[in-house]
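Please walk me through this structure, from its overall make-up down to single residue pairs. I would like plain paragraphs with the cut-offs stated.

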Amino acid sequence: MAMVFSKLLTADDIENGLSIPGSSLGQLPDQEGLTMSMQVHDRNGQAWTFSCTIKRNDSVGHFLSVGWNKFVRERDLRVDDKVTIQEEAMKKEGSGTWIKVEVKRKIRLFGEDIWADV
């Protein structure tokens, strides 16, 4: 499994969509406003479709804006939860990859911080 991207969520990520820097994804097309769908799977194997738009910001260059409001609501995601997007080889089909999304929340337990699945 290869990690593509990981970050602690901000209020903007939760309210307006997840922003993924283009540098994390390799070469993005230069066409700002281009929209595509990204099919991802959560830890339970449930499929989610995120609508993605290529945007540009002077400070970060091209980035992918991911519309994932339904996922945020159903998982009750919060500021400072950690989202990780990974590419994983398909087991059954024998070739190809799928995109996996994982979310963890920091919990203080017996004086220790642990990251639990959300």
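Predicted model: local features only at pLDDT ≥ 70, side-chain atom pairs only at ≥ 80, totals over all residues.

Residues are numbered from 1 along each chain as its sequence is written, and side-chain values use heavy atoms, with hydrogens and water left out.

The pLDDT is the predictor's confidence in each residue, on a scale from 0 to 100. Its average over the chain is 83, and 84% of the residues score at least 70. Confidence is lowest in helix α2 (residues 22-25), where the mean is 70, and highest in strand β8 (residues 112-117), where it is 93.

The chain holds three helices and eight strands. Both kinds of element are DSSP runs numbered from the N terminus, helices being H or I with at least four residues and strands being E with at least two. Read from the N terminus, the order is β-α-β-α-β-β-β-α-β-β-β. Of the 118 residues in the chain, 34% are buried; buried means under 20% relative accessible area, exposed means over 50%, and partly exposed lies in between (1.4 Å probe, protein chains only). The accessible surface of the chain is about 7,400 Å², and carbon and sulfur atoms account for 48% of that surface. These areas come from the Shrake-Rupley method with a 1.4 Å probe, and for residues only the protein chains shown count as cover. A contact means heavy atoms within 4.5 Å. Among contacts in the chain with a separation of 6 or more, 46% are between residues 24 or more positions apart.

Strand β3 can be followed to two partners. Two strands pair if DSSP finds at least two bridges between them. Strand β3 (residues 35-41) pairs with strand β4 (residues 47-57) in the antiparallel sense, over seven bridges. Within this pairing Thr 35 stands opposite Thr 53 of β4, and Gln 39 has Thr 49 of β4 as its bridge partner. The β3 and β4 hairpin has five residues between the strands, and there Gly 45 takes a positive phi near 85°. The other partner is strand β7 (residues 97-109), which pairs with β3 in the parallel sense over two bridges. In this pairing His 41 stands opposite Lys 100 of β7. In a regular strand the side chains alternate between the two faces of the sheet.

Next come the charged pairs. A salt bridge is a side-chain nitrogen of Lys or Arg within 4 Å of a carboxyl oxygen of Asp or Glu, and by this rule there are seven salt bridges. One of them joins the side chains of Asp 42 and Arg 75, at 2.3 Å from N to O. Asp 42 lies in the loop between β3 and β4 and Arg 75 lies in helix α3, so this pair ties together parts that are 33 residues apart in sequence. Asp 42 and Arg 75 are both buried.

Another salt bridge links Asp 81 to Arg 105, with the closest N and O atoms 2.8 Å apart. Because Asp 81 lies in the loop between α3 and β6 and Arg 105 lies in strand β7, the pair ties together parts that are 24 residues apart in sequence. Asp 81 is buried, with a relative accessible area of 2%, and Arg 105 is also buried, with 18%. A further salt bridge is that of Arg 108 with Asp 113, whose closest N and O atoms are 2.9 Å apart. Here Arg 108 counts as exposed because its relative accessibility is 56%, while Asp 113, at 42%, counts as partly exposed.

The loop that holds Asp 81 also holds Val 79, between α3 (69-75) and β6 (82-89). Val 79 is partly exposed, because its relative accessible area is 44%. Leaving out residues up to four places away in sequence, Val 79 touches Leu 9, Thr 10, Ala 11 and Ile 14. The C-alpha atoms of Val 79 and Arg 105 are separated by 9.4 Å, with the two residues 26 apart along the chain.

Asp 13 is part of helix α1 (residues 11-16). Why does Asp 13 count as buried? Its relative accessible area is 2%, so Asp 13 counts as buried. With neighbours within four places in sequence set aside, Asp 13 is in contact with Lys 7, Leu 8, Leu 18, Ser 19 and Trp 68. The side chain of Asp 13 reaches the backbone nitrogen of Ser 19 at 3.4 Å.

Key: Polar contact = N/O pair within 3.5 Å; in protein donor to acceptor, adjacent residues only side chain to side chain.
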